[in-house]
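Subject: Structure handover

Hello,

Please find the structure below. My notes on it follow.

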Amino acid sequence: MKYDIIIIGSGPGGYVAAIRAAQLGRKVALVEKAEAGGVCLNWGCIPTKALLKSAQVYHYCKNAGNYGIELQGEIKPDMEKIVARSRAVAETMSKGVNFLLKKNNIELIAGHGRLTADRKVEVNGTIYEADAIILATGARPRVMDFMPADGKHIITSREALTLSRLPEDMIVVGSGAIGSEFATLYASLGVKVTIVEYMPQLMPLEDEEVAKTMERCFRKMRIDVRTSTTVKRVTVEDGRCNVEIEGKKGAETITAEVVLSSVGIKSNIEDLGLEEAGVHIERDKVTVDEFYRTSVEGIYAIGDIIATPALAHVASAEAVCCVEKLCGLSPKPLDYSTIPSCVFSSPEVASVGITEQALKAKGEEYKVGRYPFTASGKAAASGDRDGFAKLIFDKDDKLIGAHLVGANVTEMIGEPTLAKMLGATAHDIAKTIHSHPTMHEGLMEASEAALGAAIHL
């Protein structure tokens with residue numbers, strides 16, 4: 001069978017590439033060995049958010065009295081039902097992807113796809129040909145030798161999504177987005193959680209001020225945060241995990257019923273036939289140019305298997321850019337300095353652009369505007385006043401960084417992302433009328449603060 005384009009992997013990169021190619025009139029096949037939608041829809045972004053929503057509802061029920069609501073009877077989480085709802089949400093989204101593939105006349109080929117030496121695709125012994133092949137196979141949780149996952153006591157994010165019961169205590173190794181979100185989830189549901197982070201700050205990729213605020217918020221949730229701490233070894237004995245660590249207080253052993261390993265991801269590049277096809281790899285990543293062309297003509301790669309931010313929305317943007325270029329359009333290369341990042345912890349974290357500590361290291365001139373949500377009428381009315389909006393501007397007052405902590409700030413990051421992409425200034429944002437009362441007003445207020453014209457501070 002001959003196609004114009006074959007895509008291996010149906011995650012946010014693969015299925016978006018397939019749909020865009022079909023829209024441009026190409027005959028497309030999409031190869032997937034598991035569920036349509038990839039890890040994000042089935043075992044990552046979507047089911048995690050469903051679990052976090054259940055935890056939020058539980059939190060509100062426990063604190064209903066603060067809102068003048070009286071609830072009778074015992075309020076407790078039912079983990080089986082929480083997980084069942086999460087799986088149902090994921091299944092709904094996967095069915096949605098299947099619908100879109102059928103709607104766009106994209107053939108879904110079930111099985112493991114790999115390249116052949118003559119630049120074809122083999123799936124379960126059948127050979128398929130195409131003018132272009134796009135690799136979008138994503139990634140999986142990284143497993144460390146000193147912390148061997150067994151799926152029961154030492155688990156990865158995959159198992160953390162489907163626990164049938166709540167453990168008494170849990171140690172989360174790593175405080176990136178995955179670790180912080182699961183720490184929030186399980187601590188909210190009553191589990192005693194400890195976070196162990198190798199780097200000096202929580203959420204190492206975020207602005208230092210954000211990290212300090214989140215550490216205070218986590219401690220309010222009774223999460224034990226251990227930064228600048230190395231995990232030496234994890235063993236299991238009598239149903240308990242012994243975690244040997246070395247940190248500010250020296251060497252010690254802490255224990256928990258479950259250890260969650262959230263120390264990053266590993267690209268799915270094994271058994272793809274990359275070597276046979278001659279595709280160049282460097283540091284476990286496929287090498288590509290600005291339009292995602294590999295070292296072999298007609299073979300492209302996007303998403304988590306290349307050296308760009310491992311985020312679902314990045315993979316989707318790369319997919320559109322890649323397909324439009326190979327179909328003869330003239331897309332602009334992606335600007336990776338304007339990629340928003342979100343952590344769905346409690347409170348949430350959202351950011352785009354450069355951090356203040358990075359600017360200090362460069363010695364560049366800049367100015368900062370801040371607005372604490374303790375001053376926000378909407379935050380006060382909602383009962384969620386933790387956090388702030390922090391905007392960073394260059395010497396010409398152009399927005400170069402935005403760092404937000406607070407309730408629902410992941411829904412706010414679109415405005416500063418667009419502002420940065422368009423080269424908006426502090427004056428532009430400050431003079432844009434924002435509706436009241438909203439959390440979004442914090443962006444206007446932070447811009448006014450940077451200009452020395454704050455009204456409500």
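In these notes, a contact means heavy atoms within 4.5 Å. This is a predicted model, in which local features need pLDDT of at least 70 and side-chain atom pairs count only at pLDDT 80 or more, while totals for chains, interfaces and linings use all residues. Residues are numbered from 1 along each chain as its sequence is written, and side-chain values use heavy atoms, leaving out hydrogens and water.

The cores

Leaving aside neighbours within four places in sequence, leucine 135 is in contact with Ile8, Leu115, Leu274, Ile299, Tyr300, Ala301, Ile302 and Ile305. Leu135 belongs to the largest nonpolar core, which has 53 residues. A nonpolar core is a set of buried Ala, Val, Leu, Ile, Met, Phe, Trp, Tyr and Cys residues joined through side-chain atoms within 4.5 Å. Buried means under 20% relative accessible area, exposed over 50%, and partly exposed in between (1.4 Å probe, protein chains only). Ile7, Leu115, Ile134 and Leu135 have the most contacts inside this core. Helix α1 (residues 14–23) gives the most to it, with seven residues. Helices (H or I, at least four residues) and strands (E, at least two) are DSSP runs, numbered from the N terminus. Another core, of 36 residues, lies apart from the largest one and includes Ala183 and Phe218.

The sheet

Five strands make an open sheet with parallel pairing, in the order β8-β15-β9-β10-β11. Two strands pair if DSSP finds at least two bridges between them. β8 (154–155) and β11 (224–226) are at the edges with a single partner strand each, so one side of each has no neighbour in the sheet. β10 (residues 192–196) pairs with β11 over three bridges, and isoleucine 195 stands opposite valine 225 in β11.

Helix α14

Nine of the ten residues of α14 (residues 441–450) are buried, so the helix is largely enclosed by the rest of the structure. Among the buried ones are Leu443, Met444 and Ala450. After α14 comes glycine 452, with a positive phi near 75 degrees.

Serine 94

Serine 94 lies in helix α4 (residues 79–103). Is serine 94 buried or exposed? Serine 94 has a relative accessible area of 9%, so it is buried. Serine 94 and leucine 41 are 53 residues apart in sequence, yet 6.5 Å apart in space, C-alpha to C-alpha.

Regards
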